[in-house]
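Here are some notes for a colleague who is opening this entry for the first time. They go through confidence, then helix packing, then strands.

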Amino acid sequence: MLGWPYWKKNSSWRIALEKFHDALIIGSGMAGLRAAVELAQETSVAVVSKVFPTRSHSGAAQGGITAALGNEEEDHWEWHMFDTVKGSDYLADQDAVEIMVRDAPRAILELEHMGVPFSRNHRGLIAQRAFGGHTRDFGKAPVKRACYASDRTGRVIVDTLYEQCLKMGVVFYPEFLLLDLIFQKQRCVGAWLLDISRGEALRVWAKSVLIATGGAGRLFRTTSNCFGNTGDGLAVVLCHGIPLQDMEFVQFHPTGLRGVGILLSEAARGEGGVLRNGLGERFMARYAPQILDLAPRDIVSRAILKEIREGRGVEGQPYVHLDLTGLGEKRIKERLWEVASFARIYGGVDASLEPIPVEPTCHYFMGGIPTDPDGRVLGDGKQSPVQGLFAAGECACVSVHGANRLGCNSLLDLVVFGRRAAKAMAECIKEAPDLPPQDMGEPHKPERLQKLLQARGPETVPGIRQDLQGLLMDHCSVFRDEKGLLAALEGVLELQQRFTRLGLGGGGRSFDLEVVEALELEHMLVVARVVVESALCRKESRGAHFREDHPQRNDALFLKHTLVFYDGQEVRIDWKPVKITRFPPKERTY
Amino acid sequence: MLVTLRVFRLDPTRESEPHYDEFSMEAKPWERILDCLNRVRWEQDPSLAFRSSCGHGICGSDGMLINGVCGLACQRLVKEYPEGLITLEPLPNFQVIRDLVVDLDPFYQKYEKVKPYLITGEQAPERERLQSPSEREVYDEAIRCILCACCTAACPITPKQSEFLGPAALLRAFRYLFDSRDQASRERMEILDREQGIWGCKGHGLCTRVCPKEIDVRKWLGRTKKRLHDARIAAGSQQELSTDTGGQGPA
């Protein structure tokens, strides 16, 4: 139900009606929608989205969602747990991982019962395929653990969850941007939103609020992420004194389409595709002799860049080949239709006949808002929940992915912890104080919005943003070192200064994308700052965070989570221990 | 190559008539029209309004009329328009909010009308409901739909009959009607069995021609018609529309 008029004549920047809900969910990706489905059974739920719900970035997930269903071959949740912990380079909290992998089969079957059109095997069961880092028998050989719907798994799950929301009467506010959270007596009681379509600020009161705003891949020049992944929830939470956890761990997906960074699913390798360097060698044999092209993403991304650095890129250029020519046209059409279509449209390549040029592309943030396994946001990052505030999905860090996420574990994270957060929210709503009376008078609009509307300086949004993306790409991507990170930090500080001299065209009407992008850029700058600062203080290499000046993992000093606080000026770093229950850290080889 | 975008402009809160603005730029042949639009906004005119999100044909945000044909700006490359002039207009059949942004409310309302969710009477089983690969394959193409509204905007029926559900909603109806797990065939057919429903479709096939996901929409709507037709014949003998066939459609 889209319960609001689209535009009204003579709209201007003015306060619209206030809204009241039991639960407010910010973000309509898979975590937000899964939470909404859960909550809608008993409460009034509103979902806010920068786009239309079915256009959220979760829809771009292609390859699958993991669960030890054992539909294709023997599998166990213990194996899944081991793989996830090892994949995380032992930084994941093992209690949270155990919750996730044990709940996985139930979560998948539930999606099937809701109507998700999973691909099927010949027995009529949900089909499963191999994916990077998922193995049988604690690392012996690849296992088929990813449940999939061709190569559009994310999209059909998002569609199905959205459709369940429609059935249950969830209220949607599409095309609204998060401006700020509202706190009263240290309790989160709602949010300020920018109604993009009408050019108005809107205040929503709620008894509990879920942040499910996704990642921030747009910090980097080359990314598989949509334009909206600008870290809005991360920045807003950070600015309220709440820390972010493990922000130095940014995943680069090995197979982004060369030049544009569009994701070519790992399913391509799961189905038998191989990576080749300029000499035509299957080079992963050098880096992961046992599971080859199905090694985890951090390892494959570094391997590709190492081949390129050592002069074995294709035709001396900075890319390698993803070769699907051995798969046959039929298999590609059945299981990799989207991948083949991206290669054809954006790369001019027929995947069944020619190899596809690929390079690593920024894909996923392992870090985020620290939560307990029930989605409660931890105000100190450790144990004190913020009343009324929850987080789930890529923006949250419960931490099941540690220093490196395995493919298909993100969708699982979304549906498992989205649901758990919703259950905790339902409890929170029962004991929450009443919402404020309807007639609150005209409140002050968020100051940052007022400022931006009057900004008339010489700097532009695209100018600052482009410099930011270049800075992070050059100094804070797959390979890092102290010199580069310091340069990045200096650069980000300078860009924050430049942002204060921003000039906008005046705005004040519907679909003022310049104002939207300025707000997003402000978020990106804050998130970039803490990514770089976190990366600087972790003087070791672990998972996706590879320091060339500290190439070894250092458990003695750094087997701990990073917490980064930001008071608007200075950054403060704190640490907390990793929860280890079943699998003590070992050397990580594949 | 030199690309010139001729872009439809309208702010209904300030103007009563639209006009066109031209923006020229140097672009690489493999750049997307979306890239060009972004460059207009970032380098020439920040006030230009259009929607976009994923940028590679998955989210369905940037549907528009490109040189008179409905399509996604992120899926069309400038080299496909060698004459260098590309006219961009909002999706037809929808009210304009601003520039290339249209009001999709009616589109989503129609989509809701077809009950786009699995309906089953029974308690969910312990494991997954079984479905054979061939039962699944029936609607494999239909689930490629990204709700971009290009088909519905291109359909020549809508301007004549505003209540017509349109190809996107009808394709969604097909997807659930032919899902072997669904048990609401009868309910679904009642929604479809009318002139605003499936019979509004006259088989022009423009939906199929413009679909960015290469779905043969006309074919699947035809399949729906046959299902209803068969049900009518069966009803003629049984004095009833149809018994529930659990999604097993005609071959």
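1. The quantity pLDDT is the predictor's confidence in each residue, on a scale from 0 to 100. It applies here because this is a predicted model. In chain B the mean pLDDT is 93, with 94% of the residues at 70 or more. Residues 240–251 of chain B have a pLDDT below 50, and this stretch makes 41 contacts in the model beyond near neighbours in sequence.

2. For chain A the mean pLDDT is 94, and 95% of its residues reach 70 or more. Here the stretch with pLDDT below 50 covers residues 1–15 of chain A, which has 68 contacts in the model beyond near neighbours in sequence. Where pLDDT is low, the predicted coordinates should not be read in detail. For the model as a whole, ipTM is 0.94 and pTM is 0.95.

3. Two packed helices are described by the angle between their axes and the distance between the axes. Helix α3 of chain A (residues 94–114) packs against helix α10 of chain A (residues 409–431) at about 90°, and their axes are 9 Å apart. An angle from 65 to 115 degrees counts as roughly perpendicular, so α3(A) is roughly perpendicular to α10(A).

4. Which residues of α3(A) and α10(A) meet? From α3(A) they include A:A96, A:I99, A:M100 and A:D103, and from α10(A) they include A:N409, A:L412, A:D413 and A:V415. By type, the residues of the contact of α3(A) with α10(A) are ten nonpolar, one polar and six charged.

5. Helix α10(A) also packs with helix α1 of chain A (residues 30–39), at an angle of about 40° and with the axes 7 Å apart. The two helices α1(A) and α10(A) are therefore oblique to each other, and their crossing is right-handed. On the α1(A) side the contact is made by A:M30, A:A31, A:R34, A:A35, A:E38 and A:L39. Among the α10(A) residues in this contact are A:L411, A:L414, A:V415 and A:R419. The residues of the contact of α1(A) with α10(A) divide into eleven nonpolar, one polar and four charged. Both A:V415 and A:R419 are also listed in the contact of α10(A) with α3(A).

6. Turning to strands, chain A has an open sheet of four strands in the order β11-β14-β13-β12, with antiparallel pairing. Its edge strands, β11 (250–257) and β12 (274–276) of chain A, each pair on one side only. On average, neighbouring strands of this sheet are turned by 45° against each other, direction ignored. Strand β12(A) is joined by three bridges to β13(A) (residues 320–323), and the two run antiparallel. Within that region, A:R276 stands opposite A:H321 in β13(A).

7. Another open sheet in chain A has three strands in the order β10-β21-β22, again with antiparallel pairing. At its edges are β10 (244–245) and β22 (571–577) of chain A, each pairing on one side only. Two bridges connect β10(A) with β21(A) (residues 560–566), and A:Q245 stands opposite A:L563 in β21(A).

8. Where does a positive phi occur in the hairpin of β7(A) and β8(A)? It belongs to A:K185, with a phi near 50°, and the hairpin has two residues between the strands. Strands β7 (residues 176–184) and β8 (residues 187–195) of chain A run antiparallel and are joined by eight bridges. In this pair, A:L181 stands opposite A:A191 in β8(A).

Note on methods. Residues are numbered from 1 along each chain as its sequence is written. Chains are lettered from A and ligands numbered from 1 in the order in which they are written. This is a predicted model: local features need pLDDT of at least 70, side-chain atom pairs count only at pLDDT 80 or more; totals for chains, interfaces and linings use all residues. Side-chain values use heavy atoms; hydrogens and water are left out. Two strands pair if DSSP finds at least two bridges between them. Axes are lines fitted to C-alpha atoms, for helices over the stretch in contact, and angles run from 0 to 180 degrees between N-to-C directions. Angles under 35 degrees count as roughly parallel, over 145 as roughly antiparallel, 65 to 115 as roughly perpendicular and the rest as oblique. Contact means heavy atoms within 4.5 Å. Ala, Val, Leu, Ile, Met, Phe, Trp, Tyr, Cys and Pro count as nonpolar, Asp, Glu, Lys and Arg as charged, and the others, Gly among them, as polar. A crossing is left-handed if the near helix is turned anticlockwise from the far one by less than a right angle, and right-handed if clockwise.
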